[in-house]
Amino acid sequence: MTTRTDCLQRDAQDPLAALRDRFDLPPGVIYLDGNSLGARPKAALARAQHVIAREWGHDLIRSWNTAGWFDLPKRLGNRLAPLIGAGEDEVVVTDTTSLNLFKALAAALHMQATDGAERRVIVTERSNFPTDIYMAQGLSGWLDRGYVVKLIDSVEELPDVIGADTAVVMLTHVNYRTGYQHDMRATSALAHAAGALIVWDLAHSAGAVPLDLNGDGADLAVGCTYKYLNGGPGAPAFIWVPRRHQARFTQPLSGWWGHAAPFAMAPDFAPVDGIGRALCGTQPVVSLAMVECGLEVFEQTSMAALRQKSLALTDLFIELVEQRCADHPLGLVTPREHARRGSQVGFTHPHGYAVMSALIARGVIGDYREPAIMRFGFTPLYTSYTEVWDAVEILRDILDRQDYDVDAKRDAVT
Ligand SMILES: *Cc1c(COP(=O)(O)O)cnc(C)c1O
């Protein structure tokens with residue numbers, strides 16, 4: 001049976017323990033929500049000060065060149081690339097995940113159409129994060145060319161559903177609610193065998209699990225930087241277009257940043273060669289600059305080391321909850337199998353929202369997702385084994401004493 005002393009010992013031997021000092025976390029908080037909004041790298045404060053006071057305040061418009069503002073989406077994309085198995089000049093950090101998904105889906109539909117394929121179906125999961133479904137519905141409805149979004153209820157349906165009418169399979173690699181992780185290689189191969197393209201959303205994967213986009217045969221991908229990558233609230237997202245698809249990649253948000261000669265101010269759009277064609281317009285530079293502070297921390301370690309600790313943390317959490325809260329109606333929704341698990345764990349409880357509110361009031365910050373799921377994110381860069389122990393003890397205490405308000409009111413955003 002694991003004890004708190006065991007956890008202290010594991011922390012003392014943890015090769016990643018020193019990285020916690022790269023983050024500013026408030027005292028008295030056990031932060032298990034880095035899958036929703038990553039913690040702040042300490043460096044971000046000085047970096048923001050520099051961007052605002054020096055680059056904006058002093059250097060003014062010259063900073064587009066002297067501070068490299070114009071190149072930021074590509075520079076950050078290249079720093080992010082090794083974390084997701086992307087090559088040089090295949091990623092840009094820009095816009096939002098929703099917008100990048102729109103571009104990726106539109107590009108994929110276009111690639112299929114220019115191949116003369118009469119494929120009109122976008123396959124995705126009903127359990128996908130809603131914006132992904134909404135964007136697919138919005139695009140397909142707006143195009144008004146008979147495109148339909150087909151929602152499946154289980155991964156097992158994929159082999160039957162993906163067929164000759166499938167244009168694109170669009171999946172979120174790690175499910176936001178359950179933490180279920182798809183097999184990227186096998187599912188990409190399945191899509192390709194049927195002549196479909198596959199678009200992956202890496203919102204809960206980038207910086208959380210090792211990824212090999214090129215090696216696994218993905219076609220296009222998008223993802224978030226404000227979750228596991230610690231880029232800051234609302235930080236721009238990313239889009240990956242592999243070299244093999246770049247020449248055929250065209251997207252409808254053809255703004256001047258994606259133009260071959262943006263400063264020629266020509267009246268006709270001509271896309272630039274390469275990943276730059278995934279850009280649209282002027283970027284939120286201050287927010288974009290913060291992304292670099294998170295990526296710098298990742299450069300101190302490897303995704304393999306992070307994955308090892310992530311699995312150890314989630315294993316420990318599952319083990320402790322099941323042992324120490326065994327008398328309570330908790331249901332694990334996250335796969336036990338390592339290969340199918342992301343870096344988060346969800347448990348249902350009939351009063352999940354109330355229990356989570358009580359946890360947050362006592363400094364254990366996770367979050368709640370319908371239906372009845374308490375969601376806990378584990379971020380090996382700054383979460384310790386002892387914190388996992390302490391979080392479970394606080395959960396046990398709340399449950400044992402029924403110290404939660406079943407009428408707790410929902411916040412608009414949690
Ligand atoms: C977090 C998340 C998003 C967020 O999209 P925004 O455009 O940043 O609001 C999209 N898709 C998935 C799967 C997510 O988990």
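How much space lies in the largest cavity? About 50 Å³ lies there, in a model that is predicted.

## Basis of the model

In this predicted model, local features need pLDDT of at least 70 and side-chain atom pairs count only at pLDDT 80 or more, while totals for chains, interfaces and linings use all residues. Residues are numbered from 1 along each chain as its sequence is written, and side-chain values use heavy atoms, with hydrogens and water left out.

## The cavity

The count comes to one cavity of 30 Å³ or more, a cavity being a set of points, on a 1 Å grid over the protein atoms alone, where a 1.4 Å probe fits but cannot get out. The residues lining the largest cavity (an atom within 4 Å of a point) include Y228, F298, L306 and Y382, and by class the lining has six nonpolar, three polar and no charged residues.

## Aromatic pairs

Twelve aromatic pairs (ring centres within 6.5 Å) are found in the whole structure. The rings of Y353 and Y368 have centres 5.4 Å apart and planes at 80 degrees, so this pair is edge-to-face (over 60 degrees). Y353 belongs to helix α12 (residues 352-361) and Y368 to strand β14 (residues 367-369), so the pair ties together parts 15 residues apart in sequence. Y353 is buried at a relative accessible area of 11%, and Y368 is buried at 8% (buried means under 20%).

## Charges over rings

The charged end of R120 sits over the ring of Y147, 5.1 Å from its centre (CZ of Arg within 6 Å of the ring centre and within 35 degrees of the ring normal).

Definitions and conventions
Rings of Phe, Tyr and Trp (its six-membered ring) pair if their centres lie within 6.5 Å; planes under 30 degrees apart count as stacked, over 60 as edge-to-face and the rest as tilted. Helices (H or I, at least four residues) and strands (E, at least two) are DSSP runs, numbered from the N terminus. Buried means under 20% relative accessible area, exposed over 50%, partly exposed in between (1.4 Å probe, protein chains only). On a 1 Å grid over the protein atoms alone, a cavity is a set of points where a 1.4 Å probe fits but cannot get out, and a pocket is an open set with protein on both sides within 12 Å along at least five of seven lines; lining residues have an atom within 4 Å of a point. Grid points are joined across faces, edges and corners, and a volume is the space filled by probe spheres set on the points. Ala, Val, Leu, Ile, Met, Phe, Trp, Tyr, Cys and Pro count as nonpolar, Asp, Glu, Lys and Arg as charged, and the others, Gly among them, as polar.
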